[in-house]
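I opened this notebook to record what I looked up in one protein structure.

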Amino acid sequence: MDDMDPVQLFRDQFNPQTEAEVRWLEELFHFVREHLWPLKTGPQGAPCCQTADEGVSHLSATLLKRIRGKMSNTCSLPLSYRPVCISELLSHQRLACVSNLSWSTSEERASAEEATALLPGQRTLPRAHLLLMGRLTHGRDGDWTLTDRSGSIRCEVLSPSPLWMGRLIFLPSWHYIPHDASGQAQPEAPGYVEVIGSPVLLCPGPAQKLSSNPVAIGEAAALIHDRVPGLRLSIFGQVTSVCPLLVISGTSFFFLTLSDEMHTLPVLVKKNSKLWWGQCVSLGESVCVTALRVCVLRPWGEKSILCVTDHSEIHKTHDRRRPPEEDTPPDPAPLPPKSEPRRCEGEPDGKESQVISYQGTVTEVVSAGAGLYVMDRKLGLCLAYQPELKRKLRVGDALALHHIHFLYQPCPDFPPSMLCTCLRSTVTVTKFSAVLASDSDRNCPDDGVLQRLLVERNPDVSQYLWTCHLCSQLRHSLLPSTSPQCTCLLSWKLMEVAFGQGQRSRRDIYAEMLDKPHTCPLTQYDGDSVQLQYVSLSELSDSLQEDCWASLCLSSLLPPDGGGLTRAQMNAALAWSSRTLRSDPKHKLQPGETLRQRPLLLVGVLELPSGASLHTLQLRDRTGAIACVITETTQEKPAGHSAAFNTAWIGCLVCVQQFTMVTERFLQSDFPSYQHLNKHKFITYKHCSIYLQFSQESIHILSPSVAMEIHLRDKGEESREEEEEKETVARKRRETAEDREPSRPLRLSPVTAPTCVSVVLRVEQKTGVMWREDAEASFSVTATVIGPVKAWGRDPKNRPMKDFETGNEKKVTLLCSGASARWFPLLQPGRVYRLVASGTHDVSVLAADAGPRWGQDVTLPVQPDWKFHTLTQLLAHACHCSACPALSTVSQVLDGSADVVSFQGFVSDRINLNDSTRDAGQANIGVRLTVCDQSGRSLHVFLNFNRNQYPPGLLPGNTLLMSAFRRRVSRSGRVYCSNIAVSWVAVLRVRDERLGDRPPAPIMHLALWTQRSRTVGRVKGHVVCFLFMQLQWNCFECGSVYTQSSCSAQCRSPSVVFDCTVKLVMEDGTGQAHIQFTGALVRQLLGLNCPQWEGLQRAVKARGHIQVYPRGLSQACDDRLLDFLLLCAEGVNSLFLTCNIDNQAKEEVKMLRRGKRDFLTRMAPPLKLTCLQIH
């Protein structure tokens, strides 16, 4: 017997029947001898058997019996399974898998169907026929590891027992999750094993006994205060909390709290050999901990606590003074049944969270890197206030949550009910998921950037949730070159911009884990403040374009008496309309609007214009771009505002909070009557233009361009630390590689060849953008060259002007066409720019002495790769010469005599002037603007866009700069302006919706009205007499009188409109005026209510028309309708009106006869006004 082969002896014990069974038994024996033996040890560490062959044979037989005991058919061998060592599992198993020895084929199918029904759309783990065994040991920071002779692997075990530590085990059912199971390789995070059920022990362990009699929690609490030197205590109690493992300054520790009916005592566990206890204990269990010493925890107010020692042990027991027997420990205590969280009633300045326990299943991984999940498809879960879990949660994991904070509506971007963990909370996985992780689970980087910032800055939980949601959105809308880590940092910076950079008090982690009553950052939260809503530019543009036509009500575009307009008047009134929305929904939130339920936030890169419009910059992100009308604040302008001129904004990543969304609608229609406005088939062409309006103060720079960094440094807006840090970065770049964006200019040297040439110039004037015959946009700039051309080793950009860049001044005309025409919105008269031609060292490209190039009549074409840089730090001579040209006011234009004028004014009114004979699609033919200044004087400005581009921003309420307009005088003597080929318009200041409506028109005296050139004014006076009243029904098609359902012109049109006009004489003590009333104002003037007005219209319709000429005389007649109108006129005495002045006729020479003599005299015509409003 002694000479027999040990393999043969082992094989004969199980009587194999087939050759396959023989080979399987031999492979199992060799596997045990190679990978498990001599891991099996006795109580003192010596092998359990005398010889190695006997030990291997005994261990193999024990292992096979345990394997058979877990099989559904205990009489057969699991030939489809094979043992696998840990090194082979880590190196060869690339896919996540599940191995369950007890499964049959039907049970496997039923398990997969159950997981699919619970989690639709998820893939279940594929099955692998592998046998895994080894010895359970503890690793770094309390990890449980499975070890054999080939290596070790981390294990995740559900409610492990301390009796398993150091034991040789066999795993009948387990999951293997490789590091790239989600499709993203992470070499620093190797795979791990999830032990589904309890492992099977392969050999008995040492006897468990207590070294001393344990004491109750109350007795131990009394002994702690005495602080007896060398005292070692053994205590028993019920586990009430298990805090997460923390690593501070290289020291790992966690707190375990034991309690009885009256007392609570914390236990500090920081010995590396005892950290694995954290996974052994469960809330509600009774445990006994031995050999504890008393220590002082200084960060916790010098309080005394118990701390484990090298000789400490932990025992689970039901009897407080008796250690457990040698068997499998009982199941953990069940949690209370799941209950719906109740809503908390918060205070006006915040809300208080409610501490609860919850049990549920993870149904969505929102962001594993940020610690955000969804449970049971209705509750949000935030684990960010705890250290990051070593095992990433997957969809399908069942969790038990103790001492967790319930928050109601902390962030509108997440479920209304949120569960958040603090350092006092306990998160326990009660069931591992049977499905695979997906790529969509990673909305934030797994390196925990946001969680680290959360620990450092300690913001409110609502701000953190908002930041996480913003980060997931920016991943899809920012430029592709942005890394995930930069996206997280950018989101955090946006949060500080949106909510302010105020930092709460430092987080006290020891008080958070140990204090009673409990306080932590989650105890109170800000759930009432309105949070910004980020939208991508394509989403914004699509929403505005959709709402532009969905919210359009054509009847609302007409005046109150729109039913009385003729066909031509009505279609002209519908030709243009605008819709402005503020980013803050507090201002004029419209019913049914979905875009602005919260204040909006935009993020993008400012770029030069591209496409059809070249008048504005554009904001671009990964999804699209949108035009932006931007104004800047300046000290040179009298009004303090100017159009955008600083080229340093190009390339800056910015966010915009306060802005106005503008949608201009252009229609060409042919509606036959007012009643047909709901039939859109009469619209022959429609188009909308979408852009944004905001000022420089509404822009927050997130990532400045190199030119903006120079600009801010020159303004002194960067701290010394920031400058030193950037200089260090620039120096390292120069040492390692050639920097594409240099940090400072290099003078021409023999070693470094120059790469660009530049010249400094001052813009004197520019022309408007015109379309050439080749369909290219072009404009010209007249500038003064301040100094000579200089060569540079690197692009000088917008760095301060140097002495050697000044010299003799020369004139030059720059021609910008094609791609170079995109510089139009930033080149402003009076500003100084550095024109840089890169990629050349030939100064003759820009040199002043290069032949006749710089002649007065010669233009210099600007190449597409040339760049303009705005210079704000100028020398004294340049500063004196670069003053912005003075602009005229509306009053100066009215009183002046110049043919071509440049002025600024406030737009008070706009009328579209479309040519109905032109083809459909050419809606922007002409515009008439009414502009005024602070004095109230106004004039009309006519713009024709036959060859010029239509500029955005021509809206009532905006302040415009109008350059090179022709001043004209009408035949009636009124001054107006019109554009010519070189004219251009810029927005100096956008309308501020927060200021509300414009102030009322000034009160005017009738005798002085014509002398002040005011278009609109208010006047008080009494009625002298009614000159005439005319009421009639007109045919909508031909305008003829309509009587008794028939048109006098026999055009057979059934559409009619009611037309009424009243003209009266009014005087205010200084003069008289003829005032005309039309439409609904007539009803208000006569003092009629709606039923009376409708009855009057029916009476007039029977006749077709009626005209009354009272002339201030009392008349009596038998006509009831006429008598009624005369009585209404007599009741009108004093009026307070807002009127618009009409075109005034010139003085007339009239002949008057006095007796036998004739006199010729000049008589001024009466002042003619049109009533706009009756007060």
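The entries below follow the order in which I looked things up.

**Entry 1: confidence.** I noted at the outset that this is a predicted model. I looked up the mean pLDDT of the protein and found 82. I also recorded that 82% of its residues reach 70 or more.

**Entry 2: salt bridges in the structure.** How many salt bridges does the structure hold? I found 22.

**Entry 3: Arg-127 and Glu-108.** I looked up this pair and found that the two side chains meet in a salt bridge, with 3.0 Å from N to O. Arg-127 lies in the loop between helix 5 (105–118) and strand 3 (130–138), whereas Glu-108 belongs to helix 5, so the pair ties together parts that are 19 residues apart in sequence. For Glu-108 I noted a relative accessible area of 27%, which means that this residue is partly exposed.

**Entry 4: Glu-285 and Lys-316.** In this salt bridge the closest N and O atoms are 3.3 Å apart. I placed Glu-285 in the loop between strand 13 (264–269) and strand 14 (286–297), and Lys-316 in strand 16 (residues 314–316). The pair therefore ties together parts that are 31 residues apart in sequence. Are these two residues buried or exposed? Glu-285 is buried, because its relative accessible area is 11%, and the cut-off for buried is under 20%.

**Entry 5: Arg-620 and Glu-607.** I found a salt bridge between these side chains, at 2.9 Å from N to O. Which strands hold the two residues? Arg-620 is in strand 28 (residues 617–620) and Glu-607 is in strand 27 (residues 600–607). The pair links distant parts of the chain, 13 residues apart. I recorded Arg-620 as partly exposed, because its relative accessibility is 28%. Glu-607 is likewise partly exposed, with a relative accessible area of 26%.

Conventions. Residues numbered from 1 in each chain as written. Predicted model: local features only at pLDDT ≥ 70, side-chain atom pairs only at ≥ 80, totals over all residues. Heavy atoms only, no water. pLDDT = per-residue confidence, 0-100. Salt bridge = Lys/Arg side-chain N within 4 Å of Asp/Glu carboxyl O. Helix = DSSP H or I, 4+ residues; strand = E, 2+ residues; numbered from the N terminus. Buried < 20%, exposed > 50% of the residue type's maximum accessible area, 1.4 Å probe, protein only.
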